[in-house]
Amino acid sequence: MRAYNDWAVKPETQFSMLDTDRPIFQPFPSEIVFQNYEPFETYEVSLILQNHDQVSRMVKVIQEDSPYFRIICPTDVGRKVAPGMTTTFKLIFKPEENKDYIHELICVTEREKFLVPVKAIGARAILDFPDFINFSTCPVKYNTQKILLVRNIGKRETKFTLQTQK
């Protein structure tokens with residue numbers, strides 16, 4: 001893992017006013033999703049962390065090494081975040097293909113660690129064909145055929161098979 005802040009999170013002598021089951025920092029958004037992206041373009045989203053405690057707290061964001069995702073720390077990194085205030089990290093996404101990507105950001109505070117999932121949803125195949133096929137009246141034990149137009153209106157190739165019940 002690569003740490004993006006040079007300081008280490010150390011326990012403070014100040015006690016938290018929050019219950020231990022409530023996080024000190026609240027992430028906005030709680031999950032980051034990229035859609036409709038193009039390969040080799042650069043996309044940026046903000047991760048805002050708000051201090052819900054009654055005392056100033058430190059937070060850092062770390063991640064696994066990735067050629068597709070990169071964190072840009074705020075200029076005041078290493079300083080405490082005042083109660084009720086926010087700090088903003090930027091996540092840069094640079095895809096090489098129009099496929100799905102999954103990643104995690106690990107937020108570390110003086111008391112806890114929590115994950116912010118990152119998903120990039122790539123192109124999908126979308127098949128366009130009739131919802132209902134009417135064969136009208138057909139003789140018993142006689143093969144009947146009908147030509148259907150099936151189109152892929154999505155941005156990814158796919159395979160298609162149609163079967164009927166006997």
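1. Seven residues form an aromatic cluster: ring pairs join Phe 34, Tyr 37, Tyr 43, Tyr 68, Phe 69, Phe 93 and Tyr 101. Rings of Phe, Tyr and Trp (its six-membered ring) pair if their centres lie within 6.5 Å; planes under 30 degrees apart are stacked, over 60 edge-to-face, and the rest tilted. Across the whole structure, the search finds nine aromatic pairs.

2. A note on the basis. This is a predicted model: local features need pLDDT of at least 70, side-chain atom pairs count only at pLDDT 80 or more, and totals for chains, interfaces and linings use all residues. Numbering runs from 1 along each chain as its sequence is written, and side-chain values use heavy atoms, with hydrogens and water left out.

3. Take Phe 34 and Phe 69. Their ring centres are 6.4 Å apart and their planes lie at 45°, so the pair is tilted. Phe 34 sits in strand S3 (residues 32–35) and Phe 69 in strand S6 (residues 69–72), 35 residues apart. Strands are DSSP runs (E, at least two residues), numbered from the N terminus. Phe 34 is buried at 8% relative accessible area; Phe 69 is buried at 3%. Buried means under 20%, exposed over 50%, partly exposed in between (1.4 Å probe, protein chains only).

4. Phe 129 and Phe 160 also pair. Here the centres are 5.5 Å apart and the planes at 55°, so this pair is tilted. Phe 129 lies in the loop between strand S10 (127–128) and strand S11 (151–152), and Phe 160 in the segment after S11, so the pair ties together parts 31 residues apart in sequence. Phe 129 is partly exposed at 35%, and Phe 160 is partly exposed at 36%.

5. Thr 158 is also in the segment after S11. Its relative accessible area is 42%, partly exposed. Beyond neighbours within four places in sequence, Thr 158 contacts Ala 125, Leu 127 and Asn 152. Contact means heavy atoms within 4.5 Å.

6. Now the largest nonpolar core, which has 22 residues. Such a core is a set of buried Ala, Val, Leu, Ile, Met, Phe, Trp, Tyr and Cys residues joined through side-chain atoms within 4.5 Å. Ile 32, Phe 34, Leu 47, Leu 49, Val 61, Leu 91 and Leu 105 touch the most other members. S9 (113–121) is among the strands that each supply at least two core residues. S9 gives the most, with four.

7. What does Leu 91 contact, leaving aside neighbours within four places in sequence? Its partners include Ile 32, Phe 34, Phe 69, Leu 105 and Val 118.
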